[in-house]
Amino acid sequence: MNSIDDVQAALAQQNYVCGRALATVTFLALRLGRPLFLEGEAGTGKTEIAKAIAAALGRRLIRLQCYEGLDASSAVYEWNFAAQMMAIRRAEATGHTPPDLFSDDFLIARPLLEAMRPQEGGAPVLLIDEIDRTDAPFEAFLLEALSDFQVTIPETGPVTAPEPPIVILTSNRTREVHDALKRRCLYHWVDYPTHDREMEILAARAPEASAALSREVVAFVQKLRTEDLFKKPGVAETIDWAKCLLALDMIDLSPEVIADTLGALLKYQDDIQKLQGSEAKRILDEVRAELA
């Protein structure tokens, strides 16, 4: 990918539609070898871009799914204790010298260690997903690991990546990530797309939807995001909803079908209740008036 246009075209071939700003920061991250930190609401395509980049470059995607309580050992490696014990007992039973218990034969590599190892086809894409779910100690460890692209196994020593992986971190901003980590990365806020951009995305991800249905779906979701909801629907929900409507052989929206399929669009009961009855009809009427 030698230009920003190349990035947009390569991602488009993977059915990932992105704007110029996101393509630019992605190009710079690839060119400069810097981690890319993507922050934004859930369902706006942050995780999907890592998958699209890996597919476009023909690289392996290694995903570290973050969660509360994640520590360095869970993210880097662990020893296969059961296999070690079996090797010891087998050696005792046969009278042989036990094998090296701290060799690769007994090492279970977790995502960070796996990303540091040589890979066929070039350095992998390392996706560190939802970093905001972890805590400060893990952030500090990650800061060190990403600075030198090296992790240390106490029993065997450091492992340094022969070629730094392409690192993408995502955050849904459930909490603020420390500035020290952000400073090591190129940053981009992934916002909800504009109407035209969301139409492009829907055309790429649900091409079987008619232009008329797509216009109504996108306009309805765009209008819905202006409502006072606990969780606004993301692009992922737009795509899911359109596919649900297609599965029901719908050619346009109606208050009844909206009520029946809200579970694909909204994920909280309070939000769904707000859209029951006259509210869904009101929004649909406003959408059709604007499209007319």
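Predicted model: local features only at pLDDT ≥ 70, side-chain atom pairs only at ≥ 80, totals over all residues.
Biologist: Thanks! At what angle do helix α10 and helix α14 pack?

Modeller: Helix α10 covers residues 211-224 and helix α14 covers residues 278-291; they pack at about 120°, and their axes are 9 Å apart. By the rule above, α10 and α14 are therefore oblique to each other. The crossing of α10 past α14 is right-handed.

Biologist: Which residues make the contact?

Modeller: On the α10 side you will find Arg215, Glu216, Ala219, Phe220, Lys223 and Leu224. On the α14 side, the residues include Ala280, Ile283, Leu284 and Val287, along with Glu286 and Arg288. Sorted by type, the contact of α10 with α14 has 8 nonpolar residues, 6 charged and no polar ones.

Biologist: Now for the wider view. How is the protein divided into domains?

Modeller: Domain 1 takes in 4-72 + 110-190, and domain 2 runs over 195-291. Taken over C-alpha atoms, the centres of domain 1 and domain 2 are 31 Å apart. Their contact draws 10 residues from domain 1 and 9 residues from domain 2.

Biologist: And how much area do domain 1 and domain 2 bury between them?

Modeller: About 720 Å², with 52% of it on carbon and sulfur atoms. In domain 1, the residues that lose the most area to domain 2 are Asn15, Val17 and Gly43, which together make up 62% of what that side buries.

Note on methods:
Residues numbered from 1 in each chain as written. Heavy atoms only, no water. Axes fitted to C-alpha atoms, helices over the stretch in contact; angles between N-to-C directions. Helix = DSSP H or I, 4+ residues; strand = E, 2+ residues; numbered from the N terminus. Parallel < 35°, antiparallel > 145°, perpendicular 65-115°, else oblique. Left-handed = near helix turned anticlockwise from the far one by under 90°. Contact = heavy atoms within 4.5 Å. Nonpolar A, V, L, I, M, F, W, Y, C, P; charged D, E, K, R; others polar. Domains from an automatic or database assignment. Buried area = accessible area lost by both parts, 1.4 Å probe.
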